Amino acid sequence: MTTSLQRSSANGRFAGDWVIDLANVEKVYSGRFGRGQVHALRGIDMRVHRGSVFGLLGPNGAGKSTLVKILMTVIRPTRCEGLFLGAPVGHKPTLQRVGYLPEHHRFPEYLTAAQVLDFFGALSDVPRAVRRRRSAELLELVGLTTWANKKVKGFSKGMRQRLGIANALMSNPDLVVLDEPTDGVDPVGRRDIRAILTRIRDEGRTVFLNSHLLSELELICDRVAILVQGVVSSQGTIDELTTDSRRIEIEASPPPSQSAEAVGTQRMLMSTLHRLATFPAATPPTSDGTTPSAASTPGSTIASAEPIEGLFGNDLRVTLRPVPGSHAATLNIYTDDAATVQPVIDALRAAQWTIRAVRPVRASLEDLFMQAVVDPTTGNALAPGAASTNRRELGSAARAGLSTGKEAAR
Amino acid sequence: MRQTFTIFLDAYRELNSRKLFWLVLALSIAVVAAIAIPSNNERGIGAFGLTADIPFLSTKAVTPAGFYKFLFSWFGINLWLAWGATILALISTAGMIPEMVSGGAVELVLSKPISRARLFLTKYAAGLMFVALQAAVFSIGAILVIGLRGGVWDARPLMAIPLMVLFFSYLFSVCALVGMLTRSTLLALLATILVWLASWLAASVEEFMLDQRLRQEQQVERIDGQINTLKETLESIDIQLLDMGVDPAALAEQPSDAPSLPASTEATVTVENASSPTEAGPVAAAAPPTPAADGSPPEQRRGSRRAGRNLLEAGRALLGKIDASGGSASLLRNRTQVVRQIERLETEVEPTRERSSSTTTWHRRIYAINAVLPKTGETKRLFQRFVVDKEDMEGLLKLIVESSGDEDAASSEEALNNRSLTWVIGTSLAFEFLILGAATVIFVRRDF
């Protein structure tokens, strides 16, 4: 496709090249007779780069679909600043450059797959000849060529979803907005859809994904925003968002002689660490070198699964957690610089510890998500769309582990 | 243009998928075929070699073309298009708007580069297209039947297309509004049928009240006319008496039942003949016992009108006789009678006038209600007004009027037929625009 090539050449992520650049998006659903207002969106600031795959995450009721519907003019925002493909949100002609797959979409059952593409293509004002050519191409892309002239009525959920993606691409859009594209699709279908999305991105289009399937997003998204209770709690690239949690994990076990002494593993590890460095730790060892928890259960191999935290050297944060059911322990060194870890390994080796594994680790999207949506004080998930929690609280909750949306965007 | 065409095409596909489109079309053709079967002959209606004696539909009363026009307007339009086809069309199209705004479907169309107002109104127009197609098939069928069987090629049945679309559009606007608000086909249908019933009821009551109003106004007019006639007679008598040197003013003060002068038998007999109950003379004419608002039976009123004329003739005859005899006695006696009649009529005209004005007030109120509702019935009537020739129907109409024996009924009919297009279509369209405007505004502003 020549268009694809042209797009690829134009595919560059440079600052200011935003497809979506929104500020202060608010939506208040007024209840009947003015009662029971729901503050679905409470000031969204969001930017999406051209040519990227952008993932919008959030628990149910966070306002994801509301935000997408505002972009697609299905819902009118209470307040909305900024630009959507260079035009204000709600500018109808702009929508010709946008493909959209709504959540739980329902195509007219009396149409065939080809007719669906033709009908919605025509509504996007795509000329007839182009519609014909594109619908054939797209049906092939989503693997529905043999179903082109079958009525949608008989389609499975996965086929409908594929058709929906084809439909979103009918008008040769710059931006494709997909609301739960893998919803109800089997693993094979999901992999196919991921491949299609990557291909769309490679063609230079921007993909805006709305999903709560974190593993899916993690695989394909360049950038994500986490929406909690109508506010962007964090956004940025997955790398940016996981900086704080990046670490190097060392799995090691003490020398057999020590282990045979039936000393509590934890106590022993602590003493090792104590020898490794000066230790202004969060849980400092007692004068006899045992931790309080280890002291209460002397002789046990595993006293507690609670990690012990301390500093190696002056500023290298280290945590230590015994591996349950074994004499081994896991050390987490909070750095992504391999050189920094070397002295720790040297120290362990000097103490005759066996190094079993050294690997870099970062928080998964799921970890990030959980951090964002779980109330740090209670440990419960935040209620969806709750109007009681104010933005400030949310912001601080988000900052606990992540940079805030604005910081990440600017 | 491409988008508009697409919405129309989709509406066609949607209707097509429901099969009802073809069912209604087949029924329309069946109705046309059924109308083409009978023909009228000298005795009445013939079909399959049999003849039914229906004189008012015989060739003596109506031309063959007129006969088919009659069948089309009474059965084709009044029964099939205005009821059967409309109900089926409502059932077919009621789901269009709710289907469009249903969850999962509405996002797909609203996210397209087409304004919401245009989307909604195009979809609405697509619903009307259904009816336009049905009406087109029907009216072309009508033209063919009237041409082939009646021998007159007349394109006026095509008027049925815009009229039918108009008629349906009043109802469909309600259907679209309720369907858009509730997303329920069933509620949309129910609401539409309710509005239809309401407009039919309002129109029926209004027509009845109009009929009453006209009857009562005519009654008042008639009595007033009689009083005037009697007053003229009185004046003539008074002139005669003055000529004879008698002062009627002085006489009027005397007790009227005391005959001061011998009567002329001849003259008395003449007057008595004129006022005899069989001929419904002044007594009967002046006193139609009509306390009820709906007036007296038509025969009696027609009789009383005739009696008014008889009275005048009797008065003239009387004067002639008096001239001939030259006797003032009989003149005076008759004068007394005339005075009595005037008094009686005047006491009677007042309650009638009051009744009439109260009927007028009520009619105006119902007329006002009717004015804001769509005029489905009157729109339907327009077809007869435009398509059916008076000449074709002359014999038929005369027979209908004569058999009902009611000239006043014809006059209310006439009043309805004389209502302007602005009234019938204008007020109905105002209703439609209001409903459709509200629906469009809500659709444009709503969150889906």
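Student: Where is A:Asp222 placed in chain A?

Tutor: A:Asp222 is in the loop between helix H7 (214-220) and strand E9 (223-228) of chain A. Helices (H or I, at least four residues) and strands (E, at least two) are DSSP runs, numbered from the N terminus. The model is predicted: local features need pLDDT of at least 70, side-chain atom pairs count only at pLDDT 80 or more, and totals for chains, interfaces and linings use all residues. Residues are numbered from 1 along each chain as its sequence is written, while chains are lettered from A and ligands numbered from 1 in the order in which they are written.

Student: Why is A:Asp222 called partly exposed?

Tutor: A residue is buried if 20 or more other C-beta atoms, placed from the backbone, lie within 10 Å of its own, exposed if 12 or fewer, and partly exposed in between. A:Asp222 has 18 other C-beta atoms within 10 Å, and is therefore partly exposed.

Student: Which residues does A:Asp222 touch, not counting residues up to four places away in sequence?

Tutor: A:Asp222 touches A:Ser52, A:Val53 and A:Thr237 on that count. Two residues are in contact if their C-beta atoms, placed from the backbone, lie within 7 Å. As for A:Met170, it is 52 residues from A:Asp222 in sequence and 24 Å away in space, C-alpha to C-alpha.

Student: What makes phi of A:Asp125 worth a remark?

Tutor: Phi of A:Asp125 is near 65°, a positive value in a residue other than glycine. Most residues other than glycine have a negative phi. A:Asp125 lies in the loop between H3 and H4 of chain A and counts as partly exposed, because it has 16 C-beta neighbours inside 10 Å. A:His104 also has a positive phi, near 50°. The loop that holds A:His104 runs between strand E6 (98-101) and H3 of chain A, and with 13 C-beta neighbours inside 10 Å A:His104 counts as partly exposed.

Student: Why are H3(A) and H4(A) called oblique to each other?

Tutor: Angles under 35 degrees count as roughly parallel, over 145 as roughly antiparallel, 65 to 115 as roughly perpendicular and the rest as oblique. Axes are lines fitted to C-alpha atoms, for helices over the stretch in contact, and angles run from 0 to 180 degrees between N-to-C directions. The axes of H3(A) and H4(A) come within 10 Å and cross at roughly 130°; the two helices are therefore oblique. Their crossing is right-handed; a crossing is left-handed if the near helix is turned anticlockwise from the far one by less than a right angle, and right-handed if clockwise. The residues of this contact divide into six nonpolar, two polar and three charged. Ala, Val, Leu, Ile, Met, Phe, Trp, Tyr, Cys and Pro count as nonpolar, Asp, Glu, Lys and Arg as charged, and the others, Gly among them, as polar.

Student: What makes H8(B) roughly antiparallel to H13(B)?

Tutor: The axes of helix H8 (residues 185-244) and helix H13 (residues 328-372) of chain B come within 7 Å and cross at roughly 160°. That angle makes H8(B) roughly antiparallel to H13(B). Their crossing is left-handed.

Student: How many residues does the contact take from chain A and from chain B?

Tutor: The contact takes 24 residues from chain A and 22 residues from chain B. On the side of chain A, helix H3 (residues 113-123) gives the most, with four residues. That side divides into 14 nonpolar, five polar and five charged residues.

Student: What confidence does the predictor give the complex and chain B?

Tutor: The complex has an ipTM of 0.73 and a pTM of 0.75. Chain B averages a pLDDT of 78, and 77% of the residues score at least 70; pLDDT is the predictor's confidence in each residue, from 0 to 100. Over residues 255-301 of chain B, pLDDT stays under 50.
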